[in-house]
Amino acid sequence: MTEDLAPSLGRWRLWDQFALRGPGFPADGVLRLAPAGLAEAADKFGTADPLDGTPWGEFTGLFADTAVENARVLQDIARDPAFRTAVAWQNRPVLTSGIAPFLRWTPTANSRSSMPRQREELVAHYWQRFCVKNDTIGFFGPVGWGRWDTATEGVTLEPGAGLTADSTVYWASWGIDALAKTLDDDPALHEWTAPRRVPFLVLDGDRVRVPGRRPVTVPEETAAVLARCDGIRTARALAAELPGTDVPAVLADLVARRWVVRRLEIPAGTHPDRALRAWLETVGAPEPRERGLAALDRLEEGRRKVAAARDTDQLISAMSELEETFVALTGTPAVREKSASTAPCRALVYSDTRRSVTARLGPAVLDALHPLGALMDSAGWLTARLAAAVEAEARTVYARLAAEGGPVDLASFWFGCLPVLHGPARAAADRLQGEFAARWSRVLAVPDGARRVDVAVEDVEARVRAEFGGEAGGWTAARYLSPDIMLAADGADAVARGDFTLVLGELHLASNTLGASLFTHQHPAVEELFALTDRDHPGPRLLPLIPKENRSRLSVRVRQTLVRPEDHQVALADFTADPARPRTVRSADATVTERDGHLLVRLPDGSEFPALDVFAHVLTTLAMDLFRPLPATNHTPRVTVGRLVVARETWQLPAAEAGFADEKDEARRYVRARRWRERLGLPRFVFVVSPTEPRPFYVDFDSPVYVTVLAKALRRLARKDPDGRITVTEMLPTPEQSWLTDDEGRRYTSELRFVAFDTAGEG
């Protein structure tokens, strides 16, 4: 009989459940691209040895032979049905433009011209992502789950059957929005939409005010229509309530003034198709209702075919058919172009899956995690100081608005604070990051030139208390931290023996990331996550409504879904919830007050919440990248506290000084890259971040193809910015240190996503 732990790290209470993130292809897949013996042969050429003569000729012959064999290995990978299916989900046109011609090619030393080599790199690029990147999307990044358990020695795995236990295909919100717009263009359907006044418009009798403008007095009929534009009553209903008013004309005027939105808007959520269907079923006119439902049904049938596809060809066919149907119905391109302004979810649909394996962690792992408590305490200092800086500026805004007389509505306060959020708040975040790193430099006392630094847990805890005190929170969401922890061990048995190391990946500030749609909808019993939320927040919360997506980080997959009926939601500038949802408030209908030096928001029902909670999304965005205990310098060592690696060894390297990158001959480039690596003391396995690359990528210096991928990235950066630098971080755990296995014993890289709640001030 097992018993769940109730884990905590100092004042931080951990959720008893955690997510298990990892790719869908075994970790040793990338090792297939490191030819046996090639690295050793290359290293026989010393730094000063000339790359010519008989020894060099023998090496180039070996290199040519291994390059051909490597190309065949890459072709084997590209033929793998699972690989082709994963690529189809990521970027389907690549299968035709890159993968298909690569598979038709016969590798020989003479035929490895520029284009085949580019296709080798293409396959290798996707392969490293599918094998060693702990992404969460589709079957090539399934979400696993685990919990703490006192009966477990180290880690216990319950493999289940196969890689994935469940899979669901979801709509990207933009696709359903495009259909909604098309339906709304139908006059017979448009009259059933419900006009909604913008959330920041204040209506006081016959006076209308929007932030930053003088109040306007409107006719009685206009005020009557405006008061009823609640997003629930249709224009037909308004006309029935106001028989003596020309409602269509008044509405047209209100829309022209941008005081009212009158269009079919689908609330933000994981299932926009369901919301659209629910609206269509309210349409009272049978013919347009059935016309709209038929259009939605056609798309839904296409989504179901995509979900039912059992091989790559079926998937490609179903995706193509869905896109053709979508274009025919909406006249809109079925894939959004990739650009700096494009949000995630470029395709119409995406797939999320649940991993079959589940994990249990025991007290030994929790004990090794103990040093994390001190790091999280210092993170509490960060969010508390950021909150104090922003609230001080916000009080100035409040004082100015209060001096104008009358209550301060939240809408005016919000818009008045926007310059603060985009100016002083960002400056405060930058300042705090520098101060945070300076304090941590005193905590760790890293010697100059060190490669490995080991610090006693007791020393770190004492110094953190001295440097950061006990400051906590700042806003309600800031009581959450979500750390990523990797476990380096040669299998689960090694963990049970105590032969393991923990590695801190990222520490996500001011956010419960397990509340995101991509996690909650893959949980087998999501009510358990709501119960944990109830424990953390016994009373209601005030949650700001945020836009559906933005170009960098926000999409339907990462939207918070652990929103309970008792929680209040406030629409500041964007109304992205169902207007009929109880406890959804417009910013114009809430007020701001000051008490005991703190700003509060008072809702129409009389409940009050910290005003900073309405800035939660903006503050979390500001805070999420602040946790950097070590400054970004040319070199920072691996720092270990107890058994927890809190910082992996990292280098900041100028791209222009990596001379091997410009070498055109593959064999010479490979040898020179290994010399470069040896001179700098880089490990064999690293991850590289470059300003010109969309995401970090893996490099194995024993693998010629990954050396070439690195060289190209260096050249791109040097061309764009002669002073540009790449960030190189040791890979830890390495592929050989993977403990997560499936039901066939194959090993996968992984990370554990925990949720920690700050109990300071609780009860």
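# Briefing: strands, helices and burial in a predicted model

Three strands make up an open, parallel sheet in the order β17-β18-β19. Here strands (E, at least two residues) and helices (H or I, at least four residues) are DSSP runs numbered from the N terminus, and two strands pair if DSSP finds at least two bridges between them. This is a predicted model, in which local features need pLDDT of at least 70 and side-chain atom pairs count only at pLDDT 80 or more, while totals for chains, interfaces and linings use all residues. Residues are numbered from 1 along each chain as its sequence is written, and side-chain values use heavy atoms, with hydrogens and water left out.

**The parallel sheet**

- β17 and β18 (residues 568–571) run parallel and are joined by four bridges.
- Within this sheet, Pro-544 stands opposite Val-570 in β18.

**The chain as a whole**

- The protein chain contains 24 helices and 33 strands.
- For 763 residues a compact globule would have a radius of gyration near 27 Å, and the 29 Å of the protein chain agrees with this. The radius is taken over C-alpha atoms, and the globule rule is 2.2 Å times the number of residues to the power 0.38.
- The C-alpha trace spans about 100 × 65 × 60 Å along its principal axes.
- Of the 763 residues, 55% count as buried; buried means under 20% relative accessible area, exposed over 50%, and partly exposed in between (1.4 Å probe, protein chains only).
- Among contacts with a separation of 6 or more, 76% join residues 24 or more positions apart; contact means heavy atoms within 4.5 Å.

- Helix α12 (residues 286–308) has 23 residues and reaches 32 Å from its first C-alpha to its last, close to the 33 Å expected at 1.5 Å a residue. The expected span is 1.5 Å times one less than the number of residues.
- The buried residues of α12 include Gly-292, Leu-293, Leu-296, Leu-299 and Arg-303.
- An α-helix has 3.6 residues a turn, so residues three or four places apart point the same way.
- Thr-66 lies in helix α2 (residues 53–79) and counts as buried because its relative accessibility is 14%.
- A polar atom of the Thr-66 side chain lies 2.9 Å from the backbone oxygen of Phe-63.
- Leaving aside its neighbours within four places in sequence, Thr-66 is in contact with Pro-35 and Leu-38.

- Four strands form an open, antiparallel sheet in the order β13-β20-β21-β22.
- Its edge strands, β13 (408–409) and β22 (608–610), each pair on one side only.
- Helix α15 (residues 372–402) packs on the sheet and touches β13, β20 (591–595) and β21; the direction of α15 makes about 60 degrees with that of β21.
- β21 (residues 598–602) and β22 run antiparallel and are joined by three bridges.
- Val-601 is found in strand β21, and its bridge partner in β22 is Phe-609.
- Val-601 counts as buried because its relative accessibility is 0%.
- Leaving aside neighbours within four places in sequence, the contacts of Val-601 include Leu-410, Leu-542, Val-592 and Val-614.
- Val-601 and Asp-149 are 452 residues apart in sequence and 41 Å apart in space, C-alpha to C-alpha.

- Strand β27 (residues 685–689) is largely enclosed by the rest of the structure, because four of its five residues are buried.
- β27 pairs in the antiparallel sense with β28 (residues 697–700) over four bridges; the partner of Val-688 in β28 is Phe-697.
- Four bridges also join β27 to the antiparallel strand β29 (residues 725–730), where Val-686 has Glu-730 as its partner.
- Strand β26 (residues 650–654) is mostly covered, with five of its five residues buried.
- From β26, Thr-650, Gln-652 and Pro-654 point one way, whereas Trp-651 and Leu-653 point the other way.
- β26 runs antiparallel to β23 (residues 635–636), with two bridges, and to β29, with five bridges.

Definitions and conventions
Polar contact = N/O pair within 3.5 Å; in protein donor to acceptor, adjacent residues only side chain to side chain. Axes fitted to C-alpha atoms, helices over the stretch in contact; angles between N-to-C directions.
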